[in-house]
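Thanks for coming. I will go through one structure today, taking a pair of side chains, then the ligand site, then the backbone.

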Amino acid sequence: MNFELTPEQKMVQEQARRFAENEIKPFVEEEEKNHAFSLDRVRQMADLGFFGCGIKEEYGGNGMGILESVLLAEQVAKVSPSWRLPFNMQNIGPALTVQKFGNEEQKQKFIPKWVSGENVGFFAITEPNSGSDVAGMKTNAKLDGDEWVINGQKTWISNAHIGDWGLLYAYTDRDAKYKGMTCFLINLKETPGVTTQAI
Ligand SMILES: Cc1cc2nc3c(=O)[nH]c(=O)nc-3n(C[C@H](O)[C@H](O)[C@H](O)COP(=O)(O)OP(=O)(O)OC[C@H]3O[C@@H](n4cnc5c(N)ncnc54)[C@H](O)[C@@H]3O)c2cc1C
């Protein structure tokens, strides 16, 4: 079996290496000192197609797969582990999940905006008392008329303080245990009652 990267994959890798060297490395020390986040950089990464791997072309995908996503993320992570996170927050967490489990309307509405960086994504699973043990989560969602009312607290949610649309997991049927969890698409800035804070 040949484990060599193809010439195209090597090009992708080199593009990410140059991006990380030129656009992240010179600034990262200062940014980390000041806890600074750059939305412009997320969009720059999106413009280079970094978040379109594994996504169908009709939803903004770039024709590349998960291996290419790993090659890109690896080069960025070498320079800054923090700046590897947008691959999870735009592509792997929200976009690939909605592509696999969402309906057609959700796919068309949300995926292209995560891929393009127009929406800053997130996924909210972890809670103060449940990490690896996801089934131990306490957040509940109940249908009230035609609205879902969600009650609970999440923690460690990357991008929570700057996120737009993303995914939030809650119990809708606790008796069904892990099969009774539902993934909600929510907007952190526009949903009444949501509060977020950077920690
Ligand atoms: C930088 C950062 C960003 C994050 N971003 C997000 C995010 O965007 N969204 C989100 O939902 N969460 C996020 N998390 C949370 C992350 O997913 C959790 O930290 C993770 O699920 C582990 O949970 P925990 O920290 O509660 O550890 P625990 O689940 O308490 O685990 C503690 C230790 O016990 C071990 N352990 C746990 N269960 C078992 C078992 N059954 N058998 C043997 N060993 C076990 C673990 O391997 C670990 O070493 C983030 C965390 C960090 C550090």
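Is Asp-164 buried or exposed? Asp-164 is buried, at a relative accessible area of 13%. Buried here means under 20% relative accessible area, exposed means over 50%, and partly exposed is in between, with a 1.4 Å probe and protein chains only.

Before going on, the ground rules. This is a predicted model, so local features need pLDDT of at least 70 and side-chain atom pairs count only at pLDDT 80 or more, while totals for chains, interfaces and linings use all residues. Residues are numbered from 1 along each chain as its sequence is written, and side-chain values use heavy atoms, with hydrogens and water left out.

Back to Asp-164. Its side chain meets that of Lys-189 in a salt bridge, at 2.8 Å from N to O. Asp-164 sits in the loop between strand 3 (147-151) and strand 4 (165-171), and Lys-189 in the segment after strand 5 (181-187), so the pair ties together parts that are 25 residues apart in sequence. Helices (H or I, at least four residues) and strands (E, at least two) are DSSP runs, numbered from the N terminus.

In general, side chains of opposite charge can pair when their charged atoms come close.

Another of them joins Lys-33 and Glu-30, with the closest N and O atoms 3.6 Å apart. These two are three residues apart in helix 1 (residues 7-34), which means that about one helical turn separates them. Lys-33 is exposed at 59%, and Glu-30 is partly exposed at 46%.

Lys-10 and Glu-4 also pair, at 3.2 Å from N to O. Here Lys-10 is partly exposed, with 41% relative accessibility, and Glu-4 is exposed, with 54%. Finally, Glu-14, Arg-17 and Arg-18 are linked in a network of salt bridges.

Now the ligand. Which residues surround the ligand? They are Met-89, Phe-123, Ala-124, Ile-125, Thr-126, Gly-131, Ser-132, Trp-156, Ile-157 and Ser-158; a residue qualifies if one of its heavy atoms lies within 4 Å of the molecule. This shell divides into six nonpolar, four polar and no charged residues. The classes are: Ala, Val, Leu, Ile, Met, Phe, Trp, Tyr, Cys and Pro nonpolar; Asp, Glu, Lys and Arg charged; the others, Gly among them, polar.

A backbone N or O atom of Phe-123 lies 2.9 Å from a ligand nitrogen. A polar side-chain atom of Thr-126 is 2.7 Å from a nitrogen atom of the ligand. For Ser-132, a polar side-chain atom is 2.6 Å from a ligand oxygen. Of the 970 Å² of accessible area that the ligand has on its own, the protein covers 37%; these areas come from the Shrake-Rupley method with a 1.4 Å probe.

Last, the backbone. Asn-159 has a positive phi of about 75 degrees although it is not a glycine. Asn-159 lies in the loop between strand 3 and strand 4 and is buried, at 15%. Lys-177, also not a glycine, has a positive phi near 55 degrees. Lys-177 is in the loop between strand 4 and strand 5 and is exposed, at 59%.

Terms used: A polar contact is a pair of N or O atoms within 3.5 Å; within protein, one must be able to donate a hydrogen and the other to accept it, and residues adjacent in sequence count only if both atoms are side-chain atoms. A salt bridge is a side-chain nitrogen of Lys or Arg within 4 Å of a carboxyl oxygen of Asp or Glu.
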